[in-house]
Amino acid sequence: MAASGEPSAAGASPRHIIHADMDAFYASVEQHDDPALRGVPVLVGGSPRSRGVVAAASYEARAFGCRSAMPMRTAARLCPQAVIVPPRFPRYRQASDQVMAIFRRVTPLVEPLSLDEAFLDVTHRVQAGTEPAAVARWLRAAVLRETGLTVSCGVAATKSVAKVASDRDKPDGLTVVAPGDERAFLAPLPIRDLWGVGPRTAERLSKAGVKTIGELAERPLPWLIERFGVRGEWFYRLARGEDDRPVSTSREAKSISAEQTFAEDIADAGALAEVVREQAARVARRLRKAQLRSRTVQLKLRLADFTTFTRRRTLPVATDQAGPIGSAALEMLAAETGGGRRFRLVGTGVSNLIEAEEAAQLSLFDPLPAPARAAALRETVDALQDRYGDESVAWGVEESRGESPGPV
């Protein structure tokens, strides 16, 4: 395995990847630091009196149905005996730094996804004669010994399967999927477990008779593309355990975003969606101007009580178009609106940027080829907006597919 984390050559041995996911991280840190909280339900987040949300729920609280991103008022009603603790993000970052340092003692190929989870490529250790499960066991023991916190690990030949596996035996669990067993492992799992499938997508699939990952794997690619556009191929491949993305060690935090703080808090989902569409168009335009494309869309939201959180979605194909960016952002937005939640800020952005030339080779199944005529049209619209302002020309949007037919 090359130290850069590049894909192995055809016919070479499979990768061995660990997805390490800290268990109820914020709540576990609070229970570690305050022995009085151990063994009791703990909710980390804002006050239920100020429309706060749950940032983390201990496993004792989860037994009552509490979960992260739930309104704190709802969680407090489900578990009235829970202790509500305000978040201490500097302390969580400190604990995260300690955990990531342990990960890097195992391998230099570490890709953090957030404060509490990361991918580790341990192929070189397996090739040297160590079983991947043994590496994961050492990792879990070291984290517990040095931090007092537990971590669950999934081991597989691909990132997506390792991520699913890490969630199968929480807390303090270990699940190993042998190379070649990916599809069989995934098949009986509920569709919601597939990476990138949110509640609304799961509901759509369920209505179409798809309730497990195995059932999704049996659907033909055109069927998926017809319903989900560019994300159809993503689902098609991941449901079959196919994922050739390497563990990336890049520390570059390169991103492009647009955000807006409102003079008055907004609860109307339609008004928020309109802002997100406009932001997606601006972000896409800046991508094209910088000759970049992105595979990760992120949505930043700030509630009326100043609770701020970010949701992310990975696209199957790197893009510089407003359609796919807006479609992913709108689906994430739809999962967060409603229930009386009012928003003070919304931001749409992209990360994991690559040069446009590097992304020019489209997927074999890419449903959105970009002919030269369409590229020229986009360049013309960008030039008009540069000269006369963003609102001088607007793209028509077909919301059901997230595509932009042309300027209006």
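Mentor: Let's begin with Ala-24, which is found in the loop between strand 1 and helix 1 (25-33). Keep in mind that this is a predicted model. Phi of Ala-24 is near 45 degrees, a positive value in a residue that is not glycine. With a relative accessible area of 6%, Ala-24 counts as buried, because the cut-off for buried is under 20%.

Now step back from that loop into the sheet.

At one of them, strand 5 (residues 110-114) pairs with strand 6 (residues 117-121) in the antiparallel sense, over 4 bridges. These two strands form a hairpin, with 2 residues between them. To find your place in the pairing, look for Glu-111, whose bridge partner in strand 6 is Phe-119.

Pro-171 has its place in the loop between helix 7 (159-166) and strand 8. The peptide bond leading from Lys-170 to Pro-171 is cis, with omega near -5 degrees. Asp-172 is found in that loop between helix 7 and strand 8 too, and its phi is near 55 degrees, a positive value in a residue other than glycine. Ala-24 is buried, whereas Asp-172 is partly exposed, with a relative accessible area of 36%.

Back to helix 6, to see what its side chains do. Arg-105 and Glu-146 meet through their side chains in a salt bridge, at 2.6 Å from N to O. Since Arg-105 lies in helix 4 (residues 89-106) and Glu-146 in helix 6, the pair ties together parts that are 41 residues apart in sequence. Arg-105 is partly exposed at a relative accessible area of 44%, and Glu-146 is partly exposed as well, at 32%. Glu-146 also forms a salt bridge with Arg-145, where the closest N and O atoms are 3.8 Å apart. Arg-145 is exposed, with a relative accessible area of 57%.

How many salt bridges does a search of the whole structure find? The count is 25. Another of them joins Arg-282 to Glu-278, with the closest N and O atoms 3.3 Å apart. Both of these residues lie in helix 13 (residues 269-289), 4 residues apart, which is about one turn of the helix. Arg-282 is partly exposed, with a relative accessible area of 32%, and Glu-278 is partly exposed at 33%. There is also a network, in which salt bridges that share partners join Glu-30, Asp-33, Arg-88 and Arg-91.

Arg-240 lies in the loop between helix 12 (231-239) and strand 9 (255-266). Arg-240 is buried yet has no salt bridge. What is the nearest side chain of opposite charge, and how far away is it? That side chain belongs to Glu-242, 5.1 Å away, and no salt bridge is counted there because the limit between nitrogen and carboxyl oxygen is 4 Å. A polar atom of the Arg-240 side chain does lie 2.2 Å from the backbone oxygen of Ala-217. Leaving aside neighbours within four places in sequence, Arg-240 is in contact with Arg-183, Leu-216, Ala-217, Glu-218 and Arg-219.

Key. Residues are numbered from 1 along each chain as its sequence is written. This is a predicted model: local features need pLDDT of at least 70, side-chain atom pairs count only at pLDDT 80 or more; totals for chains, interfaces and linings use all residues. Side-chain values use heavy atoms; hydrogens and water are left out. Two strands pair if DSSP finds at least two bridges between them. Buried means under 20% relative accessible area, exposed over 50%, partly exposed in between (1.4 Å probe, protein chains only). Lys and Arg count as positive and Asp and Glu as negative; His and the chain ends are not counted. A polar contact is a pair of N or O atoms within 3.5 Å; within protein, one must be able to donate a hydrogen and the other to accept it, and residues adjacent in sequence count only if both atoms are side-chain atoms. Contact means heavy atoms within 4.5 Å.
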